[in-house]
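I opened the notebook to record what I looked up, entry by entry. The structure comes first, then my notes.

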Amino acid sequence: MNTQNTTVHIRLWHREFWLMAIANLLLSMSVTMLIPTLPLWMTQALHFSTDEVGLLMGAFAVGLFLPGVFCSYLVQQRRRNLVFVWCVLLLGVSMVLPMLSLSVLNQPWVIGVWRLAQGALFGLAQMVLTSTLIIDTCESHQRTEANHSATWFGRFALSLGPMTGLLLIALSKALCPLHLEGGCESNLLFMNVVFVSMLCCFAAVVLVLMIHFPFRIPEDGVHLFSLDRFFLTSGTPLFLNLMLVTIPVGMLMSMRVPANSYGMVMIGFFLALLAQRFVFRNAELKSEVVTGLIMMSAALVILLASRLSPLTTPLLGLGLGIVGTRFLLFFVKLSRHCQRGTSQSTFMLGWESGLALGVGIGYYCFAGNTQLMLSVALGFIIVALVMYMTFTHQWFVTHKNR
C-alpha cells in the first residue's frame, strides 16, 4: 500500500524545540483570539456594517502575502531570529490601536490598514519561524516531525485563541460594574482581549530570545524579491485544494457561538492526533484526507439539521485535524532539496488565508442567513473532496519528490 507515516523522535523534544513550539502557539493565539471578538467590537463600538466587517476581516488574508517576497532576503541579510522578534514586537504594539480614542478609528480605511499590517507582520513572523528557525535547530532526519509537531501547536490556537477571547469578554461583563453606552462599554470589554493578545506576542518574543541561534554568514547574490521561503509554485494545486477546506471553516467561525464550542473543537484535535498514530498508521495514503473531509461534511450536515447537537464541533475538529496534518506532509513531500522551508510557508499561507477569507465571506455574504452559509460551506467541502479524489491525489503521487 502507498502509505506515509511520521517517525517519532524523542530527542526532538529538546528545550529549544519546546520554546519555539510554545512561541508558535502564543503567536497564533494572539491573532485567533481576535476572530470572534474583533467583529463584535467593530459592530458595537464603531458601528460598522456587516459588509464593512467582512471586508476588514478578509483584509488580513491579503496582508499575509505582502511581505513574502522579502522573506528570503531578510533571513539571509539579517539575524533571522531578530527578524522574527521585530515582527512579533510590532504585531504586539499594533494591538494598542483599539485602545486609542474611538474618534481616531471611526473610518473603515484605518482599520483596513491596521488589519493589512497585522496580516503582513503575522505572515512574515510565521514564515521565519516555521521555514527557518525550527528547521535550523533540528537534525536533518528530525525535520519532518519537527514541522508536523510545531504546526500542531499553531493548530491548537485555532481552538484556544477564540475560546480565550470569548471567555475574557464574558469575564469582563461579569466583573465590570459599569453600565455605559453601547459603544463605550464594548470598547472597554474588548480592551482585555487586545491586552492579553499583546501579552501573548511579548511572551513569544521572550521565548525565542531564550534560544541561541548561531550567526550565519550572509550568502552572496541574494535577490531582494524571491519566492524562496515564500511560495512553492509546484504545489499550487495542493494550495488551492487546502483553501477549499479552510474557507468553510472560516465561514463557520463567523457564527456567534459560545466559548465551549471552541473547547469541543480541541477535543476533536486530540482525537485526530490519536487517529493518526493508531487508526491511519498503515492505512492507504488517500484514506486519511477522504475520511477527514467526510467527517467535516457530516458535521455540517448535522449543523444544518440541528445546531444544538454536541457532536458537530468535535467531529469538525477531528476531520480538520486529520486533513490539515496530511496536507502539511504532502507539501513537504512535494518540495525539492532546500525547499522544505518554502513548503512550510506555502502550507501556512493556504491555511491562514483560507480561514481569514472564510471569516470575511461569512460576514459579507451571509450575515443573518446562517442556514444558507452552512449550505455553501458544505458545498465547499464537497468540491474539495471531489477535487482531491479526482485530481489532487494522483497529481501528488506523480509529482512528489520525497
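Entry 1. I looked up F153 in this predicted model and noted its relative accessible area as 13%. F153 is therefore buried, the cut-off being under 20%.

Entry 2. I turned to W18, whose relative accessibility is 39%. W18 therefore counts as partly exposed.

Entry 3. I looked up the aromatic pairs and found a count of 21. For W18 and F153, I noted ring centres 6.1 Å apart and planes at 90°. The pair is edge-to-face because planes over 60 degrees apart are counted that way.

Entry 4. I then asked where the two partners lie. W18 is in helix α1, residues 15-32, and F153 is in helix α8, residues 143-175. The pair therefore ties together parts that are 135 residues apart in sequence.

Entry 5. I checked R155 for charge over rings. Its charged end sits over the ring of W152, 4.5 Å from the ring's centre. R155 also lies over the face of W351, at 5.2 Å from that ring centre.

Entry 6. I looked up M210 and placed it in the loop between α9 (182-209) and α10 (236-253). M210 has a relative accessible area of 42% and is partly exposed. Leaving out residues up to four places away in sequence, I noted that M210 touches R15 and L19.

Entry 7. I took the C-alpha to C-alpha distance from M210 to L374 and got 45 Å. M210 and L374 are 164 residues apart in sequence.

Notes: Residues numbered from 1 in each chain as written. Predicted model: local features only at pLDDT ≥ 70, side-chain atom pairs only at ≥ 80, totals over all residues. Heavy atoms only, no water. Phe/Tyr/Trp six-rings, centres within 6.5 Å; stacked < 30°, edge-to-face > 60°. Helix = DSSP H or I, 4+ residues; strand = E, 2+ residues; numbered from the N terminus. Buried < 20%, exposed > 50% of the residue type's maximum accessible area, 1.4 Å probe, protein only. Lys NZ or Arg CZ within 6 Å of the ring centre and 35° of its normal. Contact = heavy atoms within 4.5 Å.
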